[in-house]
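Please look over the sequence and the model before reading on.

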Amino acid sequence: MDADAPTPWPHDDQPHGAAGPLAGVRVLELGQLIAGPFAARVLADFGADVIKIEPPGQGDPLRKWRLLRDGTSVWWEVQSRNKRSVCADLRTPEGQTLVRQLAAQADVLIENFKPGTLEGWGLGWEALHALNPRLIMLRVSGYGQTGPYAHKPGFAILGEAMGGLRYLTGEPGRVPVRCGVSIGDSIAALHGVIGVLLALYHRDARGGQGQMVDVALYESVFNLMESLLPEYDAFGVVRQRAGSALPGIAPSNAYRCRAAGDDPEPYVLIGGNGDGIFRRLMHAIGRPDLADDPALAHNDGRARRAAELDAAIEAWTQQRAVEEVIAALEAADVPVGRIYTAADIAHDPHYAARGMVVHATDREGRPLKVPGVVPKLSATPGRLRTPAPRLGEHGAQVAGGRWRAPD
């Protein structure tokens, strides 16, 4: 497939009736910015009917985050696709009444306010559960709804730090750096989606009631920290920053190549840490002595000599351009790849073939490439149905507090 060939939007090539596995599920989104809205977007991509409540005037602050086109963030076009927008001031009795009316008809409510905020408005879990026992309430916060830190405001930067990720990110001896995106928010959002789906299954397949799904940013990050805690407990080891290497797993690193063309950062990533892969890699770089060294046959031995192995690999890669390295190692069936920029993604044929770069249009009819839907379901795939809404665009559809189907 041509990397620049348009991907149909909506996906007209998908099976008719593929409204999505969550078709008919009503989701009321009260959150702002990233974590809560990201979770709602995933549900919307798979057919859920998401009504997003926005404050009158400016709406969700994400509308003004990062790069704007004619006053609206292009990030907004991704985060709020497939949703409807209704304006309500949750600090007012009128706004609170509307939320209660819609929550009474909803399957899922998503919020990511500081704990206690909804309770102050009379919209906490106990009140809404009493109103609608079938309601599933996803609550995303920095530190969770309970515990000594629950009252603190928490953003992704803090959740990533407390969860253990920030300390490990960067070069040894240098200041810990953050990932280039708000990864903590996104990780929490995906944990929230998992919780919602589990709660829906419990309710609908097991005859249970609704329940609260309590997701903390720091816990979501911590859940991905692999052996960080048991290594400390068993050995007293505090894992440290290791730059582009993968500590204790070797060889796996970024390796400098010979500069060629306009590539400002000629690096490749090589994952040679499988036993058989390691032997193929060493033969490919002309080091059969290392391939046949019994002390390097398994990862524990290679980890002890990681610096030696990295030096041998980079001595080979530095003599070759990135594409030469990739071609040679792919021929040897060794995992290898270059580091992608946004431009690489936009023009990559594999992204195109997988429907991951979708040629969409916004509400004004302007073209915009946006990410496709993940994960890929064979029978009930997700799809992009509608562009992100204008502020308050769908207010008439909930007039009187009735949850009407989209027009």
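How far apart are the mean positions of the positive and negative charges of the chain? The mean positions of the 43 positive and 47 negative charges are 5 Å apart. Lys and Arg count as positive and Asp and Glu as negative, while His and the chain ends are not counted; the place of a charge is NZ of Lys, CZ of Arg, CG of Asp or CD of Glu.

This is a predicted model, in which local features need pLDDT of at least 70 and side-chain atom pairs count only at pLDDT 80 or more, while totals for chains, interfaces and linings use all residues. Residues are numbered from 1 along each chain as its sequence is written, and side-chain values use heavy atoms, with hydrogens and water left out.

**Whole chain**

- The chain holds 17 helices and 13 strands, taken as DSSP runs numbered from the N terminus (helices are H or I with at least four residues, strands are E with at least two).
- Its C-alpha atoms fill a box of roughly 75 × 50 × 40 Å along the principal axes.
- Of its 407 residues, 45% count as buried; buried means under 20% relative accessible area, exposed over 50%, and partly exposed in between (1.4 Å probe, protein chains only).
- Of the contacts with a separation of 6 or more, 68% are between residues 24 or more positions apart, a contact being heavy atoms within 4.5 Å.
- The accessible surface is about 20,000 Å², and carbon and sulfur atoms hold 57% of that surface (Shrake-Rupley method, 1.4 Å probe; for residues, only the protein chains shown count as cover).

**Helix α8**

- Helix α8 covers residues 183-206, which makes 24 residues.
- From first to last C-alpha, α8 reaches 33 Å, close to the 34 Å expected at 1.5 Å a residue; the expected span is 1.5 Å times one less than the number of residues.
- G207 follows α8 and has a positive phi, near 75°.

- E54 lies in strand β2 (residues 49-54) and is buried because its relative accessible area is 1%.
- A polar atom of the E54 side chain lies 2.8 Å from the backbone nitrogen of D60. A polar contact is a pair of N or O atoms within 3.5 Å; within protein, one must be able to donate a hydrogen and the other to accept it, and residues adjacent in sequence count only if both atoms are side-chain atoms.
- Not counting residues up to four places away in sequence, E54 touches several residues, including R63, W76, C87 and L391.
- R81 sits in the loop between α2 (74-79) and β5 (83-87), and R81 counts as buried because its relative accessibility is 1%.
- The R81 side chain reaches the backbone oxygen of P371 at 2.6 Å.

**Backbone exceptions**

- Most residues other than glycine have a negative phi, and most peptide bonds are trans.
- A250 and P251 are joined by a cis peptide bond with omega about -5°; P251 is in the loop between α10 (228-235) and β9 (252-256).
- The bond from V374 to P375 is also cis, with omega near 0°, and P375 is in the segment after β13 (367-371).
- D70 has a positive phi near 50° and lies in the loop between β3 (68-69) and β4 (72-73).
- D333, with a positive phi of about 60°, lies in the loop between α15 (322-331) and β11 (336-338).
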